[in-house]
Amino acid sequence: MPILKIKNAELSINNKKILKGLSLNVNEGETHAIMGPNGSGKSTLSYMLAGRDGYELDNGSISFDNTDLTQLSPDERSNLGLFLAFQYPVELPGVSSTNFLREIFNSRKKYLGENELSHLDFIKHLRKVAENLSIKDEMLKRYVNFGFSGGEKKRFEILQMALLNPKISVLDETDSGLDVDALKIVSEGVNNLKDKKNAVVVITHYQRLLDYIKPDIVHIMSDGKIIKSGDADLALYVEKNGYSEILNEKS
Amino acid sequence: MVATTETINQVKSTTDKYKYGFSTKIEVDKAPKGLNEDIIRFISQKKDEPKWMLDWRLEAFKKWKSMEKPNWAKVSFPDIDFQDIYYYAAPKAKKKLNSLEEVDPELLKTYEKLGIPLNEQKMLAGVAVDAVFDSVSVATTFREKLSEVGVIFCPISEAIKNHPDLVKKYIGSVVPVTDNYYTALNSAVFTDGSFVYIPNGVKCPMELSTYFRINEKNTGQFERTLIVVEDEGYVSYLEGCTAPQRDENQLHAAVVELVAMNKSQIKYSTVQNWYPGDEQGKGGIYNFVTKRGKCLGENSKISWTQVETGSSITWKYPSCILMGDNSIGEFYSVAITNNAQQADTGTKMIHIGKNTKSTIISKGISAGKSQNTYRGQVQIQKGAYNARNFTQCDSLLIGDTCSAHTVPYINQHLSNAKVEHEATTSKISEDQLFYCMQRGLDAEQATSMIVNGFCKEVMKELPMEFAVEAQKLIGISLEGSVG
Amino acid sequence: MKKARNDQFFSNLEKFVNKVYPNQLQRQPYLSLKSWPSPRDEAWKFSRLGKLARKNILPLNLENQQDFSINKLIKDSISLVFVNGKFEKKLSDKLLSEIVIEEVQIEDFKEIINKFDNLSVKNHPTLNSTLSCSQKFFKIKFKNDIKFYKPIEIFNLGGSENTSIHPFIFIHLEKNADVQVFQHYSTYAGLLAPFEIINLSENSNLEIIKIYDDKINSHNLSLTLSVIKEEANLRSFALIKGGEFTRSEMHTLLEGEYSNADINGIYLSSGSQHHDLTSCVYHNVPNCKSSQIVKGVLGEESTAVFQGKVRVEKLAQKTEAKQMSRAIMLSDKAVSNSKPELEIYADDVICGHGATVGELDEDQIFYLSSRGISKQKAKVILIDAFLNEMISLSISDKFHDIIYNETKTKINKLLANEYE
């Protein structure tokens, strides 16, 4: 069953074309990796999917679970089950992490028509999920992403992913700024959430993360398009030979 | 984020109407419109006041007539005709009330709508309520319990009769009659308010709270509150306001005086949510308040916390006079203005004693077409050796039709003292909004959350029960301000 | 008993103007001001003119009889000398062809003045008195594309205790000009009312350094109005150390995008001096930057005022404005007043200000003492550091030492007096 269908997406920022006819299909149960050199449009793709202001399509379509995404606001897309783990999670000074998590958790529950959890039940649930990601109570008492280390920020992203239980998760350069131990924790977190009904799209510059989160399909992105797709071996090939060879072969 | 005019207008049209906009029909007993010596005599007589009080009022009236309205604040409004205001209105006292059952059911219903639980639950929560309905306090609960520890908590009209020595000694001692135009007016015509007296060494066992309510059309509200805390005493006082929708502007000119003796502490918290007027500002409350505390004793402390979201015009500067050595003054403020609201608010910290300390944290949020000004003064007088002040005032703008102003005055007459002032002005970042919305919060939820975060340092100073209410209020006040 | 305030000066001024310039109607509108600003006037709340009002002052209209020698701070600079408010060609250096000095009429710059539509400018005593009685209005023009490596030094000299002098100068930089100007105020005047207009065309650069060092009985009410066009850059620095009462007031209008204004200063106050740095920056267009940074050292019974204001208009998105004032008080009799004000009508801006007032850090003094440095020496070191930071931030490297030395003499005097 397809979850996400991007067809011929074209998008420009400040009159400069960034996405130039990108197409991608993601089915339930799949893990995709999108690799590409800097400036290929990877982060633009993630903002476009999440519906950030200024990232509207010029041409093409995106459908998610058979719903046209293009007209929806970021919160509506989130409620549908689309999650974006940010490359640079945003600090919210003064906003307590626990309150923030409860708000977003309950807003998803409400959308799904499920019962919101009471304060106590939520805290219990949160503790359990946080423990798996080695997130201590102390961190949850701080303000959202405020003064968090790089690793803490990324773990906090995965914690939100675990709480929201999305249908598709887009991980934008989640490995950047992580040491090996943190990388393991984050990857395990992602792998534990993976099941036959959901999907993951990993956006990364390096192959490293793919040692831990095994992709079913690897796409190489360049100049606003996917220029080559293949299995996990394609990532290893890139790691060994660099991007240039594939790019040259295309041009 | 720069919200477009289109979105702002679109959202504005769907904005909830003022939640507390309704009016209660109760027969009132009121003096004719206008102000002269006879009206003052009438008020004094109605209150069954002793002669010294009447004389004090008449003296104030005489001075008021020679004074000019202040015009330095950054607010504008049509001239007020002081002869077109009712200066006295009271619910008809049918008989003396002993319990809540005897209170006018209409009145109780109003309180219910306002969410004031004036009942047994309140006692369980440990809060005594002196509810001021229009100008007369009709129900005061738990006074007995307080009197067991010697705390006096009553309408000031009663205090004038029952504790004349205390009132005589302290009224006007912190805010002189002629401090400004509105204090002189208030001194002449004040109708009621609260009186609190905490004796030596007593920590008041519960938080004291008064809900103000303006009800009668064109009734100027002239509250007078006096709180005196003796050596090593402590009290936390809560003030909350909400008023029904009106077509004509309503004037409110309250005076609050606090006196703190040696090692005593007063914590005064306000959540103000009076009717701000419609989108054009029509019909809102004019709130011209003078609040001041005097740390008379050594090691005393006065702390003001306010969350100001209502009124069409706010003119208010809760201040501290730090006379006693080592005394501490604090001011924590959140002021939110939306639509056509105007707020000019801040504080004065006057350092007189040695080692006195003050902290000012002010958070101003402006949205719509509103205007939000922080105006503050820190004064270090000669002799205030080793005085310290820290001031931080931050402004947040939502939309591009509002404005924020910061006007701090720092006067230092002494080298051995340190005054620090910081201020910033910013907007809610697009990154923050997008991040919250990506997690499923809509624009208003996200804004409310970010703004509450911005105000955190102030909100955490509020008593628990108030904090929850205030947090919701911030969300409600900003409805319609983001697209 | 104190002598009563009087506003005699303004009637003297009117008589003077009507006698000396009977046919110059353009001067008449500026005679409408009849009194000194009072303390009730917000702009003058902390800088009271009572003492000036009690002085008996007449506008000066004497031909210069005296000989003046000037002390250039910079060896190869070009000097322009104003004596008693009047340009003295024979005392000044020969000009280069890229600089034009010409006489102008009020009509020629009135439009610029009218851009400052607020009462503190319109009712400023300097604007009114100088426009009504200055003998000639000079404009100094720097032509297109000049990169001028010889600084201009303008000297204001002359005056006497019972006279007022009224220098006027209009500095105009054409496109892409790049110029450095020093302004010296070293007069004996009872009142010095210098009025200056600065007009920076597109992409021009002006660095202007003003050194206020009038004699001890002088009142100096300097007023500067600046208008800045696209991508132009004003770097202004005021060093106030002289006079009985010196107020440097600057109003700066950023009216071209991507322009920048730094309005910085240092005041060093001793005795019963009163020093005042008042600055207002108006951001009228998007994408501009400004800073107003002031530091001061106060000794003895001196008083000092910093009034800074940033006004950001609704259109002026992406403004970055910074305000900072820091004062060190060496004496308990000194008084410091500051009012850093923000007035903001646009939402996408970064504006911040800070102010601190206090004495030198005891911990730092102790630390230095523990290393064998005397307390007095320690203070010198700390004040040096305090001022040096400001000087390097505000002015071009090549002028550092010159300005530093200008502060040094005054600081030594200040500290010596503290230890008497």
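**View 1. Where chain B meets chain A.** In this predicted model, 18 residues of chain B are in contact with 23 residues of chain A, two residues being in contact if their C-beta atoms, placed from the backbone, lie within 7 Å. Helix H10 (430-438) and helix H11 (443-454) of chain B are the elements that give two or more residues to the side of chain B that touches chain A, and the largest share, 7 residues, comes from H10(B). Helices (H or I, at least four residues) and strands (E, at least two) are DSSP runs, numbered from the N terminus. This side of chain B divides into 8 nonpolar, 5 polar and 5 charged residues, where Ala, Val, Leu, Ile, Met, Phe, Trp, Tyr, Cys and Pro count as nonpolar, Asp, Glu, Lys and Arg as charged, and the others, Gly among them, as polar.

Residues are numbered from 1 along each chain as its sequence is written, while chains are lettered from A and ligands numbered from 1 in the order in which they are written. Since this is a predicted model, local features need pLDDT of at least 70 and side-chain atom pairs count only at pLDDT 80 or more, whereas totals for chains, interfaces and linings use all residues.

**View 2. Where chain C meets chain B.** Here 31 residues of chain C are in contact with 31 residues of chain B. Strand S21 (335-344) and strand S22 (350-358) of chain C each supply at least two residues of the side that touches chain B, with the largest share, 10 residues, coming from S21(C). Strand S23 (residues 417-427) of chain B is joined to S22(C) by 7 bridges, and the two run antiparallel; the bridge partner of Ala423(B) in S22(C) is His353(C).

**View 3. The open sheet of chain A.** Six strands form an open sheet with mixed pairing, in the order S6-S9-S10-S3-S11-S12 (chain A); two strands pair if DSSP finds at least two bridges between them. Strand S6 (82-85) and strand S12 (225-230) of chain A stand at the edges with a single partner strand each, so one side of each is left without a neighbour in the sheet. S6(A) runs parallel to strand S9 (residues 168-172) of chain A, to which 4 bridges join it, and Leu82(A) has Ile168(A) as its bridge partner in S9(A).
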